[in-house]
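Let's walk through this model together, one piece at a time. Have the sequence and the 3D view open as you read.

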Amino acid sequence: MIETRNLTKKFSKLVAVDHISFNVKRGEIFGLLGPNGAGKTTTIRMLSTLTRPTEGTATVGDYDIVKDDNEVRKLIGLVSEKIIMYDRLTAKENLWFFGRLYDISKEVLNKRIDELLELVQLGNWKDIQVGTFSSGMRQRMNVIRALLNMPEVLLLDEPTLGLDPQSSVEVREFIKKINRENKTTIILTTHMMVEADMLCDRIGIIDHGKIAALDTPTNLKKLVSGADTTILELEIANLTTNMVSLIQSLKCVSSVSQDNSTHIKVHASGDDAFDTIIDAIRAEKGKIASVKNLEPTLEDVFLHITGHEVRDKADQKIPMRRHRRFMPVRRRVR
Ligand SMILES: Nc1ncnc2c1ncn2[C@@H]1O[C@H](COP(=O)(O)OP(=O)(O)OP(=O)(O)O)[C@@H](O)[C@H]1O
Ligand SMILES: [Mg+2]
């Protein structure tokens with residue numbers, strides 16, 4: 001449904017999007033996952049014909065984004081980072097205003113607006129001014145606005161940015177529903193690992209304008225576990241900075257992060273990494289209260305592939321740790 005070939009955007013010397021190539025199948029939810037400034041919005045802007053590529057090509061439903069931009073626009077719905085909505089108009093008036101920009105009969109539009117408002121549980125709010133809506137409600141309005149022309153392709157740029165956890169869940173469930181019920185092909189950008197993991201059939205990890213890896217979430221995680229990586233979360237009752245430095249200095253250890261005064265997370269590799277770490281802590285008279293062998297998260301994948309973490313303000317709003325699934329302890333400390 002979507003194909004990009006060496007798609008590139010330069011802003012004078014800065015290469016914002018650097019020769020990216022990927023395909024999105026019909027009916028698929030494809031995620032572009034990357035940190036601030038990675039080139040996600042620029043990619044979406046090129047695909048939605050809002051800005052022209054400097055180099056390379058892309059097609060949406062076999063239409064070229066430059067030569068056939070009018071045809072492309074008929075196929076797509078765009079949810080941009082910024083919510084454009086008139087506060088003094090009601091929910092229905094807003095959708096009516098934007099809907100009239102398309103070639104849709106008044107009768108059909110009227111019916112569609114009612115259906116879409118019901119779909120996102122805003123039916124009872126249709127005659128209320130949007131200015132009184134919560135951010136979650138506004139974002140749901142923002143998404144259905146992009147659905148007024150029943151697009152075959154939906155481009156979502158950070159659809160849950162700035163939403164509280166509850167509203168994020170609502171918007172994500174809604175995205176799944178549109179995909180399932182209408183077979184809509186979706187590209188979504190996010191810097192939230194949980195979101196990419198939950199929603200996407202496949203993910204392209206984008207960093208500094210380049211696609212660093214592209215696969216299903218499961219296969220991406222195998223990149224880490226397949227690379228013989230052990231991720232341990234240790235609770236050490238008498239943890240000291242010395243002990244942390246010592247663990248850090250072990251040959252098998254690639255990184256140590258400290259969560260609080262007693263908890264550390266250790267990335268290590270090699271068959272005997274587990275025993276080496278435990279022995280080292282024991283030798284320092286460390287009192288190990290618990291050890292968990294963690295399943296790699298997409299955050300680990302990102303670190304593994306790019307050598308740095310995805311971190312920014314919005315991440316801090318919804319800490320990744322809270323969403324992390326812990327695996328039962330597989331190996332016991334002898
Ligand atoms: N119109 C522009 N003029 C100059 N530089 C730009 C322009 N738009 C984007 N950039 C730069 O291109 C790079 C990629 O920006 P882009 O907005 O695509 O990143 P992003 O992945 O969407 O980031 P974020 O997570 O912050 O939204 C950044 O370095 C940005 O400063
Ligand atoms: Mg962006």
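Start with an open, antiparallel sheet whose four strands come in the order 12-13-11-14. (Strands are DSSP runs of E with at least two residues, helices are runs of H or I with at least four, and both are numbered from the N terminus; two strands pair if DSSP finds at least two bridges between them.) At the edges sit strand 12 (253-258) and strand 14 (288-293), each pairing on one side only. From one strand to the next, the twist averages 20°. Before going further, a word on the ground rules: this is a predicted model, where local features need pLDDT of at least 70 and side-chain atom pairs count only at pLDDT 80 or more, while totals for chains, interfaces and linings use all residues. Residues are numbered from 1 along each chain as its sequence is written, chains are lettered from A and ligands numbered from 1 in the order in which they are written, and side-chain values use heavy atoms, leaving out hydrogens and water.

Back to the sheet. Strand 12 and strand 13 (residues 263-269) run antiparallel, joined by five bridges, and Val 253 faces Ala 268 of strand 13. Helix 9 (residues 241-249) lies across strand 11 (229-236), strand 12 and strand 13, at about 155° to strand 12. (Angles run from 0 to 180 degrees between N-to-C directions, with axes fitted to C-alpha atoms, for helices over the stretch in contact; contact means heavy atoms within 4.5 Å.) Helix 10 (residues 273-283) lies across strand 11, strand 12, strand 13 and strand 14, and runs at about 25° to strand 11.

Now for another open sheet, where four strands pair antiparallel in the order 2-1-4-5. Strand 2 and strand 5 (63-64) are at its edges with a single partner strand each, so one side of each has no neighbour in the sheet. Strand 1 (residues 2-11) pairs with strand 2 over seven antiparallel bridges, and Leu 7 stands opposite Ile 20 in strand 2. Helix 1 lies across strand 1, strand 2 and strand 4 (55-60), at about 120° to strand 1.

Which residues are closest to ligand 1? They are Asn 36, Gly 37, Lys 40, Thr 41 and Thr 42, from a shell of 13 (a residue counts if one of its heavy atoms lies within 4 Å). A polar side-chain atom of Lys 40 is 2.8 Å from a ligand oxygen, and a side-chain N or O atom of Thr 41 is 2.7 Å from an oxygen atom of ligand 1. For Glu 158, the corresponding distance is 3.5 Å. Strand 2 (14-24) and helix 1 (40-47) are the elements giving two or more residues to the shell, and helix 1 gives the most, with three.

How values were computed: Polar contact = N/O pair within 3.5 Å; in protein donor to acceptor, adjacent residues only side chain to side chain.
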